[in-house]
Every structure is written in C-alpha cells, then in structure tokens.
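Subject: Structure handover

Hello,

Here is the structure I promised to pass on. Please open it alongside this note. My findings follow below.

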Amino acid sequence: MPFNTTTSTTSTTRRPPLSSTLPPLIFGTATFNSQYNTDPYALDTVGLVKQALEFGVRAFDTSPYYGPSEELLGAALNTDF
C-alpha cells in the first residue's frame, strides 16, 4: 500500500506547521567559524548576540559543524548584558 501524506493511520491529530512554532527571525551562527572569519574568537559575538536579542531574535541556529560557534554563542548568552 502506498504511503498517504494526507492521512495518518497512527494518529488523528496533525502537527502544527513549523512556521507556527518557530519564531519568525532566527540568528544563524555559521559565520562564527574559521570558514568565514580568520579568527572567530576575535568577533564581537557578545555584541552581536546582545543586539540580536534587542531586535527580538529568540532563536539561534548552530551546529557542531560550525566550528566553535556553539562555544562562542554559549559564552555570549552567558554574559550579563
């Protein structure tokens, strides 16, 4: 039997679309690595994150594949603004 994407036999409730769950603006941290910057530790990540929060950003995209981005973001978010 082919898979039907419009109905589910295991659940009668549908998940809401991601657009209703995720905030409208997400700050990407891929540039917090050496692929984009010679020394990502020299970036003003605290200032960037602070300004992003002031502008209403409530989600940050990061990945272990972004080099030290998780470490830098974590340190910035751990700062008393």
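First, a definition: helices (H or I, at least four residues) and strands (E, at least two) are DSSP runs, numbered from the N terminus. Gly74 sits in helix 3.

Some ground rules. This is a predicted model, in which local features need pLDDT of at least 70 and side-chain atom pairs count only at pLDDT 80 or more, while totals for chains, interfaces and linings use all residues. Residues are numbered from 1 along each chain as its sequence is written, and side-chain values use heavy atoms, with hydrogens and water left out.

Overall layout

The protein has three helices and two strands. Along the sequence they follow the pattern α-β-α-β-α. The protein has 81 residues, and 20% of them count as buried. Buried means under 20% relative accessible area, exposed means over 50%, and partly exposed is in between (1.4 Å probe, protein chains only). The accessible surface comes to about 6,400 Å². Carbon and sulfur atoms hold 56% of that surface. Areas come from the Shrake-Rupley method with a 1.4 Å probe; for residues, only the protein chains shown count as cover.

Contact means heavy atoms within 4.5 Å. Among contacts with a separation of 6 or more, 65% are between residues 24 or more positions apart.

Thr29 and its surroundings

Thr29 is in the loop between strand 1 (27–28) and helix 2. Thr29 is buried, at 0% relative accessibility. Leaving out residues up to four places away in sequence, Thr29 touches Asp61, Thr62, Tyr66, Ser69 and Leu73. A polar atom of the Thr29 side chain lies 2.7 Å from the backbone oxygen of Asp61.

Ser69 belongs to helix 3 (residues 69–77). Ser69 is also buried, at 0%. With the neighbours up to four places away in sequence set aside, Ser69 touches Thr29, Phe32, Thr62 and Ser63.

Core and surface

The largest nonpolar core has five residues: Phe27, Phe32, Ala52, Val57 and Leu72. Such a core is a set of buried Ala, Val, Leu, Ile, Met, Phe, Trp, Tyr and Cys residues joined through side-chain atoms within 4.5 Å. Beyond four places in sequence, Ala52 touches Phe27, Val57 and Phe60.

Leu18 is in helix 1 (residues 18–21). Leu18 is exposed, at 60%.

Salt bridge

How many salt bridges does a search of the whole structure find? It finds one. The definition is a side-chain nitrogen of Lys or Arg within 4 Å of a carboxyl oxygen of Asp or Glu. Lys50 pairs with Glu54, with the closest N and O atoms 4.0 Å apart. Lys50 and Glu54 are four residues apart in helix 2 (residues 45–54), so about one helical turn separates them. Lys50 is partly exposed at 34%, and Glu54 is exposed at 58%.

Back to Gly74

Is Gly74 buried, partly exposed or exposed? Gly74 is partly exposed, at 36% relative accessibility. Gly74 and Val46 are 28 residues apart in sequence. Their C-alpha atoms are 9.7 Å apart in space.

Best wishes

Note on methods: A polar contact is a pair of N or O atoms within 3.5 Å; within protein, one must be able to donate a hydrogen and the other to accept it, and residues adjacent in sequence count only if both atoms are side-chain atoms.
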